[in-house]
Amino acid sequence: MRLVLAVATLTTLTAAAPRHPARPAPVDVIRRAIDAVGGEAALRGLRTLVTEGASTNRSPGQEDLPFGAPAATMAFNRTTRDRAGKRLRSDAEARFTGNTGPSAHTTAIATQDAAMFMTNGRRIVGPRNFQQAGVSTLDNFMPLVLIKMLDQPDSVSAAAPLRIAGQTAEAVTFVSNGVPATIYFDSATGLPLQQVTVADDAILGDAMTTVTWSHWSKTAVRLPGQTYSAGARGTVITIQRVVSINDPVDDSTFAIPDSIAAQFRAQPPAPATPNGQLVTMTQLAPGVWRAAGPNYNSMVVEQPDRLVLVEAPISANWTQALLDTLAARFPGKRIGWVVNTHHHWDHSGGVRTVLAAGIPVVTQERNVAFVRSIGAAHKTVKPDALSRGRRMPQVIGVVDSLTLGSGDLRVQVLSISTAQDGGAHVVAYVPGPGILFESDVLTAPPGNRQPLSKPSAAEIVALARDRGLTITQVLGGHGEVAAMDNITRAAQ
C-alpha cells in the first residue's frame, strides 16, 4: 500500500512540474527586432541616411615595436548614404598617436561608376575594389542587417541563448560571406544587443570579436547610439547620432571630377580570379619588377636559380594571387626567400601565406618572434598547410645586413631605424640597377604630381650616404617609383 502511494505521489509531482517554454523560431526573433527598430516598411523604405559621430580606436598593427602597446586613434566622422542612388560618402578627421603623423582629413566617395579618395585636399582615384566595397556597405550596418537576415532564411539558424546583463538573450546565427555571426537580442525590447564572430585573421588566425550595441536612437529608423567592439583586434568605442533620414541629398555631395572619373574608368575591370585580386607587374630594370596591388607594392628580383620576393603585404588573398602570378610568369623557378620589411600588420598580411607555402622569411632580428607567431597561430576557420601539420620554414633575422644571392641581382637586406619605429625595420637594395625597396619611409604620390616629403626624402638620402648605396630608383611599399634625383632635390 505504501509503495502504491509513493508511486502515485511521484507521478503527481512529475505531472505538475513546470515546462520550459519553447524557444521562439529565428524568424520570430528577427521580426521582433525589426519591429523594435522601426518596422519592416521603414527599413525597406530607407533611402538616405546621414550620421555623424566619434570613435576611439586602440587596435594592434601599427606599434613602434612588435608586441608593443597598440597605438590609439581618435576619429570624427560624417557618413552620407544614398541607398536609392547607390552612393556613399565618408568624411573623417583622424588624430593619431605620437609620430604617426598630424591630423588627417579624409573623404572617400563611391558611386555606381566611380570612386575617389581625398586626403588633406589631395584627390586620387579610388580602386575598383574600394568602389565595389563602398556600394556594398550601404546595407551592411545594424539595423539593415536584420532585413538581410529576413531575406536570406537559409543563412539563418537558431543559436543557444546567453545570459547577458542579468537576462537571457535569444540568439540567431547568420552566415554572411562565409563568416558566421551569432547575434543576441534583448529579451525585454527585442533590440539587437550583441554580436559575436570568430573570423580568420591574417595575423592572428582564429580571431573572436564581440560587438555590443546600446543607447538606440528614438528616430523613425532606430540606430545604436553607441557601439563597443572588443576582441583580438583591439577595442573600438563609437558614438553616433542620426543627422537625417530620407531627406534629399544634393548631388554635389557625391561629385567626382571628370579627370578622376576618367582615371577610374581606365582601370582594368575587376579580375575574374577566384579571390578577386589583381596583380600588376611592371619591369623596372632587367630582372627587377614592381608587383602592384591596391595601395601596396612588392618587389620581385629574378636571380639565375630563384626569385626573391620583397614584401608580402595586405592579405592572404592578395599574396596568394601574387604567388600564382609569379608561378605563371616564371614557370619552374621557385621563390627562395620572402623579405618582410617590418612588423606593421598591413605589411605582414601575407606572411602566413608564404610560410604555409614553405618559403623562408627574412626580417629584422627584432621581428623574428612576431613572424613565427603568425606561423604558429591557431587557424581552424580557414585551415592551411601549417595548421594541418606542415613544418614552419626558416625565419631568418637580420641584425645589420644579409645578402641573398650573388652578382648584380643580389639582394642586400639592410637593417635601419626609421622615424616611425624603434629599429625593427629593413630595406632591400639591388646593386646592379641601383633599386631600393622600402616601406613606410617615403611614399611617392601617383604621377609624382605632389612634392615629396622633405623629412622622408632626407631619410633616404642619409641611408644612401651611410650605407654607401648608389641608388637610382626607390620603390616604396606604397605609392609610385621615385627617381633618386627627385628625392635628393626634395631633401634639400
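So, how do strand E21 and strand E22 pair, and over how many bridges? They run antiparallel, with 4 bridges between residues 401-404 of E21 and residues 411-416 of E22. Before I go on: this is a predicted model, so keep that in mind.

Next up, the helices. H10 covers residues 454-467 and H11 covers residues 484-491. Their axes come within 8 Å and cross at roughly 115°, and the crossing is left-handed. On the H10 side the contact includes Ile-460, Val-461 and Ala-464, and on the H11 side you'll find Met-484 and Ile-487, among others. Sorted by class, that contact has 9 nonpolar residues, 1 polar and 1 charged.

Phe-67 is in the loop between strands E1 and E2, while Phe-370 is in helix H9, so the pair ties together parts that are 303 residues apart in sequence. Phe-67 is exposed at 58% relative accessible area, whereas Phe-370 is buried at 4%.

Then there's Phe-117 with Phe-130. Here the centres are 4.5 Å apart and the planes sit at 50°, so the pair is tilted. Phe-117 belongs to strand E5 and Phe-130 to helix H4, 13 residues apart. Phe-130 comes out as partly exposed, at 21%.

Technical notes
Residues numbered from 1 in each chain as written. Predicted model: local features only at pLDDT ≥ 70, side-chain atom pairs only at ≥ 80, totals over all residues. Heavy atoms only, no water. Pairing = 2+ DSSP bridges. Helix = DSSP H or I, 4+ residues; strand = E, 2+ residues; numbered from the N terminus. Axes fitted to C-alpha atoms, helices over the stretch in contact; angles between N-to-C directions. Left-handed = near helix turned anticlockwise from the far one by under 90°. Contact = heavy atoms within 4.5 Å. Nonpolar A, V, L, I, M, F, W, Y, C, P; charged D, E, K, R; others polar. Buried < 20%, exposed > 50% of the residue type's maximum accessible area, 1.4 Å probe, protein only. Phe/Tyr/Trp six-rings, centres within 6.5 Å; stacked < 30°, edge-to-face > 60°.
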